[in-house]
Amino acid sequence: MLTLRQNKHTKLALQLLKWGVLILIGIIAVTTLDFSSVIQNLRAFQFSTVLIFFLLASAATLFYAVRWLLIAGSMGILQLNLLFVLRLNLLSEFVSIVLPSYLGGDGLRLLRLRPYTTNRNAAMCVLIDRLVGLFTLGIATLICLPSILPLLNILIEPQIIPYIAIGVGLVAVVGLVLIRQMPHLLVTFGLGDLRFDVKPLMIAALLSLVGHMIYASAYAVLFLSLTDATPVQVMAITLLA
């Protein structure tokens, strides 16, 4: 009964927090935004461009949800479904935008994951999802990064490009090897009692990389008509940001 009561209080607190933040954002928007200017800026985009942007951004969000679902499944947390994970990811992104760091969003994911597993497993699941996301974001950025060097007046000799490609490939291989060796690394850090299925973790990393590239492509489509930069350059800037 105590656990049930705590869960009810937690849900009530989250609901109050959500509605409080929404009301605060609404008040700030009404009192500070120049809506006529916003509408004028939106007219600079074609409807088809905005539609493609939202489709690509939604696809990337779906890839991120599947990534976390696979990571949770690899840890034996099998009660989750895609709709739950997708909804929770969107809520955590909203909280992360409102609060000054990602900790708020990850804290929300941790709270909502607790009923399905132990606190330790929930924390590790969120942490590993964050680490996989950051690692694959770095790989995606390295892939696109050479394209923006000319914008910084940094010229690359053509013969250096293959070495850059090899370097990016080596970083990716090292990352995948580390993921494969995750069980042994956990023993080293005294977490040998945690169990992982390595194959879903590796699939999650690949899906995460694809998701980052799709997300960056969405912004390339959106801003391509407003800048002289190439699509890959816009992708690189988006990933760096």
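**Cores, charges and rings in a predicted model**

Setting aside neighbours within four places in sequence, C125 is in contact (heavy atoms within 4.5 Å) with W68, I71, A72, M75, I77 and L113. Residues are numbered from 1 along each chain as its sequence is written, and side-chain values use heavy atoms, with hydrogens and water left out.

C125 also turns up in the largest nonpolar core, which has 22 residues; there W68, I71, L80, L113 and C125 touch the most other members. Such a core is a set of buried Ala, Val, Leu, Ile, Met, Phe, Trp, Tyr and Cys residues joined through side-chain atoms within 4.5 Å. Buried means under 20% relative accessible area, exposed over 50%, and partly exposed in between, using a 1.4 Å probe and protein chains only. Two or more residues each come from α3, α4 (82-98), α5 (103-113), α6 (119-144) and α9, and α6 gives the largest share, six residues. Helices here are DSSP runs (H or I, at least four residues), numbered from the N terminus.

Now for the charges. The structure holds four salt bridges, each a side-chain nitrogen of Lys or Arg within 4 Å of a carboxyl oxygen of Asp or Glu. R109 is buried, at 3% relative accessible area, and so is D129, at 2%. These two form a salt bridge, with the closest N and O atoms 2.7 Å apart. R109 sits in helix α5 and D129 in helix α6, so the pair ties together parts 20 residues apart in sequence. Salt bridges with shared partners join R67, D106, R109, D129 and R130 into one network.

Rings of Phe, Tyr and Trp (its six-membered ring) pair if their centres lie within 6.5 Å; planes under 30 degrees apart count as stacked, over 60 as edge-to-face and the rest as tilted. F53 and F54 have ring centres 5.4 Å apart and planes at 70°, so they pair edge-to-face. Ring pairs link F53, F54, Y215, Y219 and F223 into a cluster.

Conventions
This is a predicted model: local features need pLDDT of at least 70, side-chain atom pairs count only at pLDDT 80 or more; totals for chains, interfaces and linings use all residues.
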